[in-house]
Amino acid sequence: MTTNELVDRTTAGPVHGGPRPSRAVGLRLLGPYEGSGFREERYLVERADRQMVLLTKLLYLIVDYADGRTSADLLADRVSRAYGQRLDPTDLVQLIHEKLGPSGLVALWNGAPVGQRRADPLLALSVRGVLLPTAAVRVVARVFAPLFHRPVILGVLTAVVAFDVWMVSNLAASEVFAALIEPAGVLAVLALLLAATIFHEFGHAAGCSYGGAKPGRIGVGIYLWIPAFYTNVTNAYRLNRAGRLRTDLGGVYFNAVFIVAAAATYLWTGWAPLLAVVALSHLEIVQQLLPVVRFDGYYILGDLAGVPNLFGHVRPIMRSLLPGHRGDRGVVQLQLRTRVIVTSWVLVTVPALIIGFGLAAWNAPRYLADFWDRSGELLAGARALFSAGQPGAATLAILSLLAITLPVIGLSLILGRSVLHVSRLLRARHAAGGAARATPVPPSAEDQHRTASGEEPMSSVDSSSDHQTRINGAESQLVAAAPPGAAAFTEETMLRRRVPPPQHGWRHGLYFVTNGRVNVGPSVAEQRERERISRVRAPLRGPRRVVTLSRKGGAGKTTTTLMLGHTLAVHRGDRVVALDANPDAGSLIYRVRRESPATVTSLLGERELITKYADLRAYTSQAPSRLEVIASDDDPRITQALGDLDYRAAIGLLTHHYNLILVDTGTGILDSAVQGILREADQVVVVMPPALDGARVAAGTLDWLDQHGHEDLVDSAVAVINTTRGRPRWLQLDEIEKHFSARCAGTVRIPWDPALETGAATDLDDLRPATRDAYLELAELVADGFSVDRWSAQ
């Protein structure tokens, strides 16, 4: 089958010349999903609607290279080279049509619509409504985020334990729950528990915001048969595992904060309902930590295991327990530790749910009969109590009526959803003619939230090397264009996975002494370093221009440009050049061993003579890291600095011969030269000192970029805080870092290092390990932005 023939069957678009796949507008490629429990790395993509999609490497590469200009044949060739295994154009089109298109990621034609399948899991939140909009939630989250500072956490937990010990030692159960005897006390306890539940959701939002992600709205609905609140913190998936766990545990932690506030108020006032609230809040914490359904414990366990959607693995795990199915693809793709955790969870959860739903179905007829009788009694009693002048007791009767009504509504909705799922399954089987197994429509990321709302946390789109694809349990066998050939003999498929030898510390010593016979593998820190280096080596789709900005002198802008250039040049195979574009006697050339007396002015004056890289090399000075530097003019006799067109011409010339161009600018952002450079920039790095005025100026720089048509540069920007020796006493660097993390792609704090104070030639080997690691993190964040093409949308 040819590509054009397949397009005829799968899309209504034109077929002349074959399709030119294009990724959807507004997609952000976020790179690897950190802390993954899969054997093969998974990657995150954020859609324009701020929802996350989890992809395998093959599908991630397709999304990355689908620029709307490349034909399917050429796209398949590029993806094959990057993936290390041949992908047939026919299979690529099929993947887009059946997987990436319905997930809202890639269209077969530039501008063609992409679908977005909606999630409809069985155990989903029903009758949803918005309690607090996104803007208000983010304000509240920023207010409460400081509660996640470690000293505050330690103080809260210590206070909870101390009050619990006092309460158990000095009070009887009858004293704790004394307020529940009178209607007024019951109503007070219910109101306080409602406030505690809403405050619980503030904890999820604040934990998300503290890590640098952006929380969404807070809503309310019915989960199973109980009222439930939820917080949209889907954006937390871009955080590392620690950040996601902080978001997961934020609600329970805020329950502890509420307990401390209630306990302190009780010790001050002696108001009895507060004791009942403290006791019942402990029960709420225990309930939230249960991982069987989508309470907080479900997401905590998922993040610990590295699997964002535990319910999506129930079917493959259960199938793998059957004879002859031990090699099920959905199970084999998990790491051993993750497989043990998920299997144990399935073996507990499935029987528990079956027993629970079985008991509910068994008791449903009797419950409905009692419901009709009891609801009539409660309604009549409420009317009588209101007439008798007892509004508190009447309100309790109404709440009791609501409490017995919600289970009927919830179970009815679950029953209706079950019928809908079965009907979809039957229709799918009928459409397939019974020849292939049909599965439910896979959920997408639309309206899915990392909450106790019953929603799936994200859309997961999987594929494997033999093109059997999988989306949240929905399998589809693609048409094979030909039997597997020599391309199937790859290291990943034909060789056993080898543990890489450690390069540092006692692990390396043990490996060296035993001549490689004992290999305990690299440490966690070394693995993280290797992951960072791997991300620094992200492929480029064309020359990349990174501009370093700082409107305040002495912020360390030149040092940042130099060390970023050294790091990129050391770990990449590209040609990397740093251009000193400071019109007022820049000092970048003094930070490397000068090999050429040429400057950017002489380069421009003789650019007609430069036809190849060897010609251009005579105008640069190269450091041991392979970073090349082009000097600015420092002759005091010069009366006129270079302008906008000059620097744009220089950058255009360098673009023909270098893959990465770093530009060190002056401090005047209003200068025409700097504005011309910004029009050529693909990314910016904003540098600031550890001072309030420096941070304010840096934030003002981002404001200026936002207001002058460079919003995309702000989104992909990286903020750098160059710390000094001895942290300023009153300055809250954490708050400054959180501000810029919320606005930019990331923030890096560079520690003080004596090697950077000399102002002389400095290499990476001269730095302390912590400083080298910080610059590696900076290079990683910059490289993460390589997938974003600023010019594709223009």
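A crossing of two helices is left-handed if the near helix is turned anticlockwise from the far one by less than a right angle, and right-handed if clockwise. Keep that handy for the second stop.

This is a predicted model, where local features need pLDDT of at least 70 and side-chain atom pairs count only at pLDDT 80 or more, while totals for chains, interfaces and linings use all residues. Residues are numbered from 1 along each chain as its sequence is written, and side-chain values use heavy atoms, with hydrogens and water left out.

**The whole chain**

Start with everything shown: 27 helices and 19 strands. Helices (H or I, at least four residues) and strands (E, at least two) are DSSP runs, numbered from the N terminus. Of the 794 residues, 50% are buried, meaning under 20% relative accessible area with a 1.4 Å probe, protein chains only.

**Stop one: strand S2**

Select residues 28-32. Here 4 of the 5 residues are buried, so S2 is largely enclosed by the rest of the structure. Click Arg28 and look across to its bridge partner in S3, Glu46.

**Stop two: two crossing helices**

Select 150-170 (H6) and 241-269 (H9); their axes, lines fitted to C-alpha atoms over the stretch in contact, come within 9 Å and cross at roughly 55 degrees. H6 passes H9 in a left-handed crossing. Show side chains where they meet: Val156, Phe163 and Trp166 are among those from H6, and Tyr253, Val260 and Leu267 among those from H9.

**Stop three: His571**

Jump to His571 in helix H19 (residues 557-571). At 18% relative accessibility, His571 counts as buried. Leaving aside residues up to four places away in sequence, His571 touches Ile533, Val536, Arg537 and Leu776, with contact meaning heavy atoms within 4.5 Å.

**Last stop: the open sheet**

Trace 8 strands in the order S14-S15-S13-S16-S12-S17-S18-S19, with mixed pairing; two strands pair if DSSP finds at least two bridges between them. At the edges sit S14 (621-622) and S19 (746-750), each pairing on one side only. Select S13 (residues 576-581) and S15 (residues 628-630), which run parallel with 3 bridges. Val577 has Glu628 in S15 as its bridge partner. Finally, show helix H23 (residues 672-680), which packs on the sheet and touches S12, S13, S16 and S17.

Notes. Axes fitted to C-alpha atoms, helices over the stretch in contact; angles between N-to-C directions.
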